[in-house]
Amino acid sequence: TETSVEVPSFNVSLKCKGKPAGEAGEGGKPKATVCQENEEIYAVEGCAPLECATMPRANQTGYKLLEDSLEILEFNVEAECDLGYHGEPKAEVCEEEGGSYTLSGCSPIVCVEPPAEETYDYNVTVKSLQLPSFDVSASCKSGEGRPKVEPCRVHGQAFHVSGCKPQACLSPRKSVEHGYVVYESFL
């Protein structure tokens, strides 16, 4: 409460919005110190800076965080999208002492299915195209080979399937004997 800001009758009483300065709320009472020059701002001390709460680990899914300063007036939290996520991460300061700051901008990477000609030799089962819970399995139509499914690394790109021996046609040998000339380049 500012009773008087004029010198020599300067009289300002203070109360901390948060905790008093010092460990575990210990320390002196907040106080105001008279200015030394005309039109100068008077000084205040004795209260701890207001801070946002540390982000609980459970609320950090999809983000990597560096909480440099949680003080409301000097808030500085660096955020980036975690592995399997994409976007433009943003950390915004809380509005009151002990409140939670907000995270936004990171979403799971979502793969798409490859073109049909790339999966022709495979029986593909899709359960989830979204990282990090990507779940796609494959088996070889020919029964030969070891199928391997690799998720995409960039949002909107196709996953990759490999490892199966391609299906092939057999040459019509008997037809050759009955008036056909067959040119085989790839079966």
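A residue counts as buried under 20% relative accessible area, as exposed over 50%, and as partly exposed in between. By that scale Glu-45, at 45% relative accessibility, is partly exposed. The model considered here is predicted, and a search of the whole structure finds 3 salt bridges in it. Side chains of opposite charge can pair when their charged atoms come close.

**Between strands β3 and β4**

- Glu-45 and Lys-31 are joined through their side chains in a salt bridge, with a distance of 3.9 Å from N to O.
- This pair links distant parts of the chain, since Glu-45 belongs to strand β4 (residues 43-45) and Lys-31 to strand β3 (residues 31-33), 14 residues apart.
- Lys-31 has a relative accessible area of 45% and is therefore partly exposed.

**Between two loops**

- A salt bridge connects Lys-165 with Glu-144, whose closest N and O atoms are 3.5 Å apart.
- Lys-165 sits in the loop between β12 (160-164) and α1 (173-177), while Glu-144 sits in the loop between β10 (135-140) and β11 (145-150), so the contact ties together parts that are 21 residues apart in sequence.
- Lys-165 is partly exposed, its relative accessible area being 47%, and Glu-144 is likewise classed as partly exposed, at 42% relative accessibility.

**Glu-150 and Lys-148**

- The side chains of Glu-150 and Lys-148 form a salt bridge, with 3.8 Å between N and O.
- Glu-150, with a relative accessibility of 31%, counts as partly exposed, and Lys-148, with a relative accessible area of 48%, is also partly exposed.

Definitions and conventions. Residues numbered from 1 in each chain as written. Predicted model: local features only at pLDDT ≥ 70, side-chain atom pairs only at ≥ 80, totals over all residues. Heavy atoms only, no water. Salt bridge = Lys/Arg side-chain N within 4 Å of Asp/Glu carboxyl O. Helix = DSSP H or I, 4+ residues; strand = E, 2+ residues; numbered from the N terminus. Buried < 20%, exposed > 50% of the residue type's maximum accessible area, 1.4 Å probe, protein only.
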